[in-house]
Amino acid sequence: MARHNDLTDAQRTELDAAAFRRLLAHLDDHTEVQNIDLMLLADFCRNCLGDWWREAAEERGIEISKDEARERVYGMPPADWKAKYQTETSPEKLEAFKAKQAAKNG
């Protein structure tokens, strides 16, 4: 059995891609998890993943719009996802998010 250090670049890329697809499937299965929750706990959200995917494409000379990249992550246009699954954020969570951003940028 191959060990981590013995993997080829192609194998590592294949495993990274499989893990990313599994993460997307997991997020699809847990639409109750709001982006604000992800941001508060992990400092990233579905939008971040879409942005990172778009940036990876750009680094490889592939032009993908912000909306197209986020649709890849949401599995539908983000506006549709928001209408279907997004709940109102509590004032407490908004304040916690603002404080976290201020601490990060300050």
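Me: How do the axes of α3 and helix α4 cross, and at what angle?
Reply: This is a predicted model. In the model, the axes of α3 and helix α4 (residues 66-74) come within 8 Å. They cross at roughly 120°.

Me: Are α3 and α4 perpendicular or oblique to each other?
Reply: Oblique. Angles of 65 to 115 degrees count as roughly perpendicular. The crossing of α3 and α4 is at roughly 120°, so the two helices are oblique.

Me: Which residues make that contact?
Reply: From α3, they are Arg46, Asn47, Leu49, Gly50, Asp51, Trp53 and Arg54. From α4, they are Lys66, Ala69, Arg70, Arg72, Val73 and Tyr74.

Me: Left-handed or right-handed crossing?
Reply: The crossing of α3 and α4 is right-handed.

Me: And α1 with α4, what angle there?
Reply: Roughly 75°, with the axes coming within 8 Å. The pair α1 and α4 is therefore roughly perpendicular. Phe20, Arg21, Leu24 and Asp28 of α1 make the contact, together with Arg72, Val73 and Tyr74 of α4.

Me: Switching topic. Which residues form the largest nonpolar core?
Reply: It has eight residues. They are Leu24, Leu27, Leu38, Met39, Cys45, Cys48, Leu49 and Val73.

Me: Which elements give two or more residues to it?
Reply: Three helices do: α1 (9-29), α2 (35-42) and α3 (46-59).

Me: Why would such side chains end up in one place?
Reply: In soluble globular proteins, nonpolar side chains tend to be buried together.

Me: What does Cys45 touch?
Reply: Asn35, Leu38 and Met39, leaving out residues up to four places away in sequence.

Me: Now the rings. How many aromatic pairs are there?
Reply: Three. In one of them, the rings of Trp81 and Tyr85 have centres 5.5 Å apart. Their planes are at 50°, so this pair is tilted.

Me: Where do Trp81 and Tyr85 sit?
Reply: Both are in helix α5 (residues 78-85). They are four residues apart, which means about one helical turn separates them.

Me: Is Trp81 buried or exposed?
Reply: Buried, because its relative accessibility is 2% and the cut-off for buried is under 20%. Tyr85 is partly exposed, at 26%.

Me: Which residues do the ring pairs link into a cluster?
Reply: Tyr74, Trp81 and Tyr85. Tyr74 also takes part in the contact between α3 and α4.

Me: Next, Asp43. What is its phi?
Reply: Positive, at about 65°, although Asp43 is not a glycine. Most residues other than glycine have a negative phi.

Me: Where is Asp43?
Reply: In the loop between α2 and α3. Asp43 is partly exposed, at 29% relative accessibility.

Me: Which residues does Gln101 contact, beyond its neighbours in sequence?
Reply: Met39 and Asp43, leaving aside neighbours within four places in sequence. Gln101 lies in helix α6 (residues 91-105). At 18% relative accessibility, Gln101 counts as buried.

Me: Last one. How many residues separate Leu94 and Ile36 in sequence?
Reply: They are 58 residues apart in sequence, but 8.0 Å apart in space, C-alpha to C-alpha. Leu94 is found in helix α6. Leu94 is partly exposed, with a relative accessible area of 37%.

Technical notes: Residues are numbered from 1 along each chain as its sequence is written. This is a predicted model: local features need pLDDT of at least 70, side-chain atom pairs count only at pLDDT 80 or more; totals for chains, interfaces and linings use all residues. Side-chain values use heavy atoms; hydrogens and water are left out. Buried means under 20% relative accessible area, exposed over 50%, partly exposed in between (1.4 Å probe, protein chains only). Contact means heavy atoms within 4.5 Å. A nonpolar core is a set of buried Ala, Val, Leu, Ile, Met, Phe, Trp, Tyr and Cys residues joined through side-chain atoms within 4.5 Å. Rings of Phe, Tyr and Trp (its six-membered ring) pair if their centres lie within 6.5 Å; planes under 30 degrees apart count as stacked, over 60 as edge-to-face and the rest as tilted. Axes are lines fitted to C-alpha atoms, for helices over the stretch in contact, and angles run from 0 to 180 degrees between N-to-C directions. Angles under 35 degrees count as roughly parallel, over 145 as roughly antiparallel, 65 to 115 as roughly perpendicular and the rest as oblique. A crossing is left-handed if the near helix is turned anticlockwise from the far one by less than a right angle, and right-handed if clockwise.
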